[in-house]
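Let's take a walk through this model together, going from the overall chain to the spaces inside it.

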Amino acid sequence: MGHDVWVLNRRRTLKTRRSIDDLDIHIIKADIRDISNIKKIMENEYWDVVLDFICYKAEDAYADIEFFKGKIKQFIFISSGANYDRSKVTYPITENAVLGAENWDYVKGKIDCEEVFIKEWRKSKFPITIIRPGHTYDTLLPDAVGNGDWTNAQRMQIGQPIVVHGDGTNLWTITHGEDMATAIEALLGNEKAYGEVYHITSDEHLNWIEITRLLGNALKIGNPEIIFVPSIKILEEDFSVGIGIVGHKMWPDIYDNSKIKSIAYGWKAEKDAEKGIYESVKWLQEDSGRQRVNSNLNAVIDRLCERYR
């Protein structure tokens, strides 16, 4: 779009993310949590728009306001569609639905960040725009019980069973990163988006059995062996693996995207799950260094499969 783009990160996870080295952009190697260094970097700089994808706690939000207040025209905070209280929402979920997630620190942190930014918007007109993406994937794969790395894909490849929570029939929404990006483009510098919250998700709804089989097809292994396990039992087996399931994945995940479409000129997600998952698998298979496997997750899945097979 002709923008002058800067990227600030630590340059540590290069292999597991798409390369930006060949793009016509500026790179700042720094850790946003290194307060004294970031203050020096920000001291005499001004940006039209800043997007923060790694703001997870209220203290991160306060730091963003301190760094960027008076130095930007717009600040875009990437929050989460997991923020909604799943026991109280009606479907499709709108941006006004009640927030809350019991015992899930990730969601509590994201909600706290939203409150900090909105309070500052009301107090000083800090130009905040909040995005709540759904389950977004590209270099991470959509999986039912996992964190999106190569763990479940590897299990499928070597003939090991994987776990799906419940009976695998609850409807879910996955959104490719490219579609999320095109929606964000319409928000850049858009004053109508100040002080507002937007969903960005696909309108394609699949259940977890279908998503799992699409992953198996992309891996060219056919239908993987699935062991179905009650969500609460996964939580009891391992809190870190189960909290995102009980707090989010065991519930339907269907959103009303009319608000983003009204400001993004009729935007809609274009890449369907079959094509998107195929492209993700292809990219991950091109370099084994991209294929991260989680030993703890593997052990948890092994124990659940042994118990419920």
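What follows covers the overall build, then the cavities, then a pocket.

This is a predicted model, in which local features need pLDDT of at least 70 and side-chain atom pairs count only at pLDDT 80 or more, while totals for chains, interfaces and linings use all residues. Residues are numbered from 1 along each chain as its sequence is written, and side-chain values use heavy atoms, with hydrogens and water left out.

Start with the whole chain. It has 11 helices and 12 strands; helices (H or I, at least four residues) and strands (E, at least two) are DSSP runs, numbered from the N terminus. The C-alpha atoms fill a box of roughly 60 × 45 × 40 Å along the principal axes. Because a compact globule of 309 residues would have a radius of gyration near 19 Å, the chain's 20 Å agrees with that expectation (taken over C-alpha atoms, with the globule rule being 2.2 Å times the number of residues to the power 0.38). Of the 309 residues, 50% count as buried, meaning under 20% relative accessible area with a 1.4 Å probe, protein chains only. Among contacts (heavy atoms within 4.5 Å) with a separation of 6 or more, 77% join residues 24 or more positions apart.

Now let's look inside. A search of the whole structure finds two cavities of 30 Å³ or more. On a 1 Å grid over the protein atoms alone, a cavity is a set of points where a 1.4 Å probe fits but cannot get out, a pocket is an open set with protein on both sides within 12 Å along at least five of seven lines, and lining residues have an atom within 4 Å of a point. Grid points are joined across faces, edges and corners, and a volume is the space filled by probe spheres set on the points.

The largest cavity has a volume of about 60 Å³. Elements giving two or more residues to its lining are α4 (151-157), β7 (162-165) and α6 (208-218), and α6 gives the most, with three. Among the lining residues are Pro142, Asp143, Met156, Val163 and Leu215. The lining divides into eight nonpolar, two polar and one charged (Ala, Val, Leu, Ile, Met, Phe, Trp, Tyr, Cys and Pro count as nonpolar, Asp, Glu, Lys and Arg as charged, and the others, Gly among them, as polar).

The second largest cavity holds about 30 Å³. Its lining includes Arg17, Asp149, Arg290 and Arg292, and has three nonpolar, two polar and four charged residues.

Finally, the second largest pocket has a volume of about 230 Å³. Of its 14 lining residues, Ala101, Glu102, Val246, Gly247 and Trp251 lie nearest its centre. Helix α8 (residues 239-249) supplies the largest share, four residues.
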